[in-house]
Structures are given as C-alpha cells and as structure tokens.
Amino acid sequence: MALIHGVAGCCWAFSAVAAVEGLNKIKTGRLVSLSEQELVDCDIYGEDQGCEGGLMDDAFDFIKRRGGLASESAYPYDGEDGSCRSSAAASRAASIRGHEDVPRDDESALAAAVAHQPVSVAIDGGDPAFRFYGGGILDGGCSTDLDHAVTAVGYGTAGDGTRYWLMKNSWGTSWGEAGYVRIRRGVRGEGVCGLAKLASYPV
C-alpha cells in the first residue's frame, strides 16, 4: 500500500491528530490541540516515517500503544523530522482505545461515521484540481491514486442540490475555503479523488 505523504509531507499525522482532537472534544467537551510533531518524531517504526509518509491507521495504533498523545503546547510542531523528545512525549493530553476502518467504496458508511465524529480520509491530493482548489464543490479533475490525507468533518447539500463532503486540509487557511474543501458526495465506487477507498477513525 502506498504511504500517504502529501504535498506538504506530514499530512497523515495532521489527519490522524484532527480526528483524535474531534473525538476528544466529543468525549470531554474540551477542544485540546494535540501534537502532530510527536507522531512525526516518535512514530517511526513500521509504515510511518515522519514527513516521508505514513498511514493514519498506524498513527492510531501508535497513540493507543503509547497510552495517548501529548498536547501541541507540550510538543510543538517544527515542520520537519526530528528526534523523539521523550520528556515532551511523556505527557498525555488525550487517549484512544483503537480505531475502526470504514468499509471501502461505501460513502453511506462514511456518512454514518462522519455523523458521529471526524474521520481520517486518504485522497488524491496531487492533481492541480485539488492542489489549486479555491472554493466551490470539487467534482473531478483528480484521480483515485491516494497520496494525501485530510479529515472529513461533515457533509451537506448546496443550494443547487449538489451533495458534498466537508474536509479539513492541513495547508493553512489561505488554501481552499479557509483551509477546508467541499468535495462532491454520492459518487459510486471509490468517490471523487478516491475519498471512499481508505477512511478510518479513532475510538
């Protein structure tokens, strides 16, 4: 399986962390910013290799195995691979019991999951249609070769009746719609940009 590395490198860590942050907010009522850098630096055994690529499922397994994840303030983001800082990683701001995979090529199952919590989603983010997305509903122009990771945080229907997913990206608020992208929902098979091929969420 191809690793999810993305144009910005560490997207798999951002996707997994966003999903855990959302679950933690649902469980505790508090929105705590968690550390992507801990995953980048410390989760390096197996498929996850910092900003060279990784998989969200492996990130969830790492968080479970370590007993949780440090906060962003305790272990701030550097934007590059580094050595694992054990003292910073020792604090635990949120924990999970594991993860569940969404059935492949099943947008109905994805919707059922997103209705309860944010979900990590792998997509094709390398094509210009996605990379230079500036707004509206993305309905094509990308393949289904997975190379990027985002977080599905909701779904809706536009005024013209077009159904869409709302996905949080990790490229800053100047990209897309304040850092988010709306992608057409209800496409059979793998979904637009392959969004239905590889999705999972923490529990």
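Glu177 counts as partly exposed, at 27% relative accessibility, where buried means under 20% relative accessible area, exposed over 50%, and partly exposed in between (1.4 Å probe, protein chains only). This is a predicted model, in which local features need pLDDT of at least 70 and side-chain atom pairs count only at pLDDT 80 or more, while totals for chains, interfaces and linings use all residues. Residues are numbered from 1 along each chain as its sequence is written, and side-chain values use heavy atoms, with hydrogens and water left out.

**Salt bridges**

- Glu177 forms a salt bridge with Arg182, and their closest N and O atoms are 2.9 Å apart; a salt bridge is a side-chain nitrogen of Lys or Arg within 4 Å of a carboxyl oxygen of Asp or Glu.
- Arg182 is partly exposed, with a relative accessible area of 21%.
- A search of the whole structure finds 7 salt bridges, and one of them joins the side chains of Arg85 and Asp78 at 2.9 Å, N to O.
- Arg85 has a relative accessible area of 29% and is partly exposed, and Asp78 is also partly exposed, at 48%.
- Another salt bridge brings together the side chains of Arg66 and Glu38 (3.7 Å, N to O), and this pair links distant parts of the chain, since Arg66 lies in helix H3 (residues 56–66) and Glu38 in helix H2 (residues 36–42), 28 residues apart.
- Helices (H or I, at least four residues) and strands (E, at least two) are DSSP runs, numbered from the N terminus.
- Arg66 is partly exposed, with a relative accessible area of 31%, whereas Glu38 is buried, with a value of 0%.
- Glu38 and Arg66 also belong with Arg92 to a network of salt bridges.

**Helix H5**

- Helix H5 (residues 107–114) is mostly covered, with 6 of its 8 residues buried, namely Glu107, Ala109, Leu110, Ala111, Ala113 and Val114.
- The buried residues of H5 pack against strands E2 (119–123), E4 (148–157), E5 (163–168) and E7 (199–202).
- At the start of H5, a side-chain oxygen of Asp106 reaches to within 3.2 Å of the backbone nitrogen of Ser108.

**Thr151**

- Thr151 lies in strand E4 and counts as buried, at 2% relative accessibility.
- A polar atom of the side chain of Thr151 lies 3.3 Å from the backbone oxygen of Ser15.
- Leaving aside neighbours within four places in sequence, Thr151 is in contact (heavy atoms within 4.5 Å) with residues including Phe14, Ser15, Pro118 and Leu166.

**The two domains**

- The protein is divided into domain 1 (10–99) and domain 2 (100–202), with bounds that come from an automatic or database domain assignment.
- The C-alpha centres of domain 1 and domain 2 lie 22 Å apart, and 17 residues of domain 1 are in contact with 17 residues of domain 2.
- The area buried between domain 1 and domain 2 is about 1300 Å², of which carbon and sulfur atoms give 66%; buried area is the accessible area (1.4 Å probe) that two parts lose on being put together, summed over both.
- In domain 1, Cys11, Met56 and His99 lose the most area to domain 2, together 35% of what that side buries.
- The count of salt bridges between domain 1 and domain 2 is 0.

How values were computed: A polar contact is a pair of N or O atoms within 3.5 Å; within protein, one must be able to donate a hydrogen and the other to accept it, and residues adjacent in sequence count only if both atoms are side-chain atoms.
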